[in-house]
Each structure stands twice: as C-alpha cells, then as structure tokens.
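Dear colleague,

I am passing on the structure we discussed, and my notes on it follow below. Please read them alongside the coordinates.

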Amino acid sequence: MSLPDGPKSPDAWQMLQWVTRPFSFMRSCKHRYGDRFTVTLSRRVGPLVFFSHPEALQAILTGDDSDLFDAPGELNVLVEPLLGPQSLIGLSGNRHRRMRQLLMPSFHGERMRSYGQLIRNITEEVLSELVAGEAFSVRKSMQTISMRVILRAVFGLKEGARYQQLAPPKTAMLDRMSNPFGLGALFFPLLRQDFGPVSPWGKFVRNRTEVDQLIYGEIAERRNHPDASRNDILTLLLSARDEGGEGLTDPELRDELMTLLVAGHETTATALTWAMYWIYKLPTVRQKLLHEIEGLNGVLDPASLFRLPYLNAVCSETLRIYPVGLLTFPRRTKAPVELMGSTLEAGTVVVGCIYLAHHREEVYPDPDEFKPERFLERRYSPFEYLPFGGGVRRCIGMAFAQFEMKLVIGSLLSKVEFELADNRSVRPVRRGLTSGPSPVRMVLKGDKALS
Ligand code: HEM
C-alpha cells in the first residue's frame, strides 16, 4: 500500500517517542514531512496517516459517514480493557448512532443547564476543603470537582456509601493507565499479565473489578427500585428500548456508564488544571478576567457566567494550545481517496492531528503563545479549531465540558485568590491516551470581596 512519507525508524522506536514525548514527535514529523505523514506505532495498530491541514480535516470529518470514510469502533480496540466491548467508543454504524442519540440530550440544552447550580455548589464544596496558606495540587482539586459533577450527572448519586466508594478505585484505575506501563499495556496485550495484586496489571484489574462491583450494585438497585422522577443518565438508559422492545443488558449499561465516567472526568479535570495555570501564570489574563467577572456586579448565576466573552476566550485558548485529546479517533477510507496530493487506498487508517492543526502559524500567529484575544478577534472554522474532534464521533460531552469549565473558573475567581506555589516550569506531558500539564501547585490566599 502506498502511504505518505513518514519516519523510517523501527515501530518500537516510533511508539516510544509517541508515548514519552508526543508533542516534539509530532512537531518533528510535521517539520520533516509536512501536512501529512505516516506513523507506525505497532503492528497491531498498523500505519496511521496524520493530517492537520483544515482542508484535509474537513474532508475526513464531514465524510466520516459517507462512501469515502467511516469511523469504525473496532479501530478503538485500545480502550476496551478500560471501557469494555460495548462502549459507545467501540460501537459502529447504526448501533453507534442510536446510542449517541440516546446519550446526547443529557449533555445539552435544558438538561445540561439544570446542572449549573450543582456545578457551582460542588466547586464551593471543594474550595471549602482547601486550607488557606497551604500548597495544594491543582489537578487533585479539579479531579475532585469533575468526579463529583460526573457522578451526579450520570448516576444522580448524592452523598452515601457508593458515592464515597467509587471515586478512589476509579481514580487509581485511571492513574495506572496514565503511566507509560499502563499505556504500553493498552497497545501490547502481552503486557497484560496479572501476576497478583502487586503487579501493575494486577493492580489495574483489581481496581477495575472494584469499580465494576459498585456500578453493577447501583444498576441492580435501580432495577429493583425504579424511580421515573429521577433525571440522571442511568435512569434514562434503564428505560431505553430498541425497535424490538429490548432494553440494555447489565454489561451494556456498565460499559456505557464507565465510558461516561472515564471520558467525562479526566479530560475536564485536565482542561481546568491548564486553565488555572494560565490564569495564574499570566497577570494580564487574570486581570482582564477579574475585571469581566466584577462587571457582573455579584450576579454570578450560571447563565451570566456562561455568556462572558473573555472567560469563553480563555477556555477556548486553553483547549487550543495544549489540546487534551491530541488526535481524533481514527477514521478509515472506504474507497480510494485523493487527499492533500496523496492517493489513499481503500482501508487506509487516518487521524486528525488536533495538536498540529491548533499550531498552524497561518491560522494562529505565534501559536505557542497563550493569547485568548485571538478568539475575540476571529472566528475559527470547525476544521481549524477542533479540541472535541468532529463528524460522527465528535465528543458528546463538548457543550457540557465547556459549561463546566466556565462555571468552575468563574466561581473560583469570584470567591477567592490563589497564587502559584512556585516558579517551576509546567510543561505538557502524556497522561494515558490524553495529555495534560506536569504537576501544578497553588496556594489559596484568601477570600475576595466579591460575592
Ligand atoms: C475538556 C473536556 C473534553 C475534551 C477535550 C474531549 C475531547 C474529545 C475528543 C477529541 C473526542 C474524539 C472526537 C473525534 O474522534 O472526532 C471525544 C470523544 C468523546 N467524548 Fe469527549 N472530551 C471532553 C469531555 C467529555 C465529557 C464531559 C464527556 C461525557 C461525559 C465526553 C465523552 C466523550 C465520548 C463518549 C466520546 C466518544 C464519542 C463517539 O465515539 O461517538 N467527553 N472527546
């Protein structure tokens, strides 16, 4: 098969670079091979053609449900150990479409807005657990916020045994997948050896079993005591029926719930950690933001915060400069396709490279600078700016994550003052299948005069 040019080094070396320094790896490939290049990470995954030009992204993402491209779930087999075989991410065609239609409304419109006050309350709850003058890990606090938010949205769980029990093993399970061994195990099934509770894979399996037991426990309880007045996602999934009148099985429910918990928690926590870092690293950004929030004169309801233009620009720039998801999920050509001067044969697997698309000098002058103003001065097309991907697999949590980011940041800045705990440089690093900042520590200085 003739493929666009790319690194000639052995697969294992390409994989090592992709895992340990993905940003410089992508930049050097772009520098050497231009707007399209082929990377081979492992035989199992096969060659992947990276595209980052808006024209190519448009062709791929508007064509991923056409005669030219598709977005088959089997290409996402890497996430199966974590999310299970029935996860939305692993589904294709009609089953995929139906499941998306079922889940989407929970993360949009009225349903989404109904979580506004909850997000603000959870933010204040987590804030009240910080001690003034003591340094804290920003990621941990943001993870606590996003975990509590997603548990409430998905299960409607309030305080109680299961709510308390789910968070620790789930966080541990994800952390294990974030280190190079965990990531390696996703790519190489041979590394998935359970040598007991102290071996890396053994620990992961035990955390996953613990999470599964809690999820299945909740499913059983809800089946036994149905309550139609609840408006959480599990209630919705329990009442869903296909054309034949069949509902979802327990393993199907488990995989969908796990997908939402995993996809909705880590990603948003990472975005919030980056946003806090930029705001407290760059005094002019912070001042402009504070000025805008002060302009609300204490009317800090979710709808007002959500509409603030500079806050929106800060969140957008945060997701541009170091996108949490570096790539879209893979798409595959269904027929020969001409793209950016290459003829791709049927069966070629392509990915949209979000990071490189967000660093195109002609679209984003000074692409390595954090400049929220660019989002006030210009509108970007969905193929120039795509932190949530696009097409048939576009992130179902896009609106929800943006809503949550604005409310959490707006609530924090309006209440208290922070400062960075030290001058250590913060850089983007890999976190499992996504990316995020190296540790960020801050100190809570005290309350603000604003309400
Ligand atoms: C800042 C936060 C987030 C970012 C940056 C993000 C990014 C992404 C990206 C890049 C994709 C791949 C899209 C593609 O291939 O075209 C994706 C898919 C997905 N995201 Fe998100 N996401 C975030 C938050 C969330 C939240 C809050 C949820 C749900 C609770 C969620 C659920 C999903 C799901 C289920 C998919 C797979 C969709 C499918 O296969 O049809 N994400 N996300």
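A disulfide is taken here as a pair of cysteine sulfur atoms within 2.5 Å. This is a predicted model, in which local features need pLDDT of at least 70 and side-chain atom pairs count only at pLDDT 80 or more, while totals for chains, interfaces and linings use all residues. Residues are numbered from 1 along each chain as its sequence is written, and side-chain values use heavy atoms, with hydrogens and water left out.

By that criterion, the whole structure holds zero disulfides. For Cys-315, the closest cysteine sulfur is that of Cys-395, and because the two are 15 Å apart they are too far from each other for a bond.

Cys-395 sits in the loop between helix H18 (374–377) and helix H19 (398–415); helices are DSSP runs of H or I with at least four residues, numbered from the N terminus.

Around the ligand there are 29 residues, each with a heavy atom within 4 Å of it. As for polar contacts (pairs of N or O atoms within 3.5 Å), a side-chain N or O atom of Arg-331 lies 2.7 Å from a ligand oxygen, and a side-chain N or O atom of Arg-393 is likewise 2.7 Å from a ligand oxygen. Helix H13 gives the largest share of the shell, seven residues.

With best regards

How values were computed
Helices (H or I, at least four residues) and strands (E, at least two) are DSSP runs, numbered from the N terminus. A polar contact is a pair of N or O atoms within 3.5 Å; within protein, one must be able to donate a hydrogen and the other to accept it, and residues adjacent in sequence count only if both atoms are side-chain atoms.
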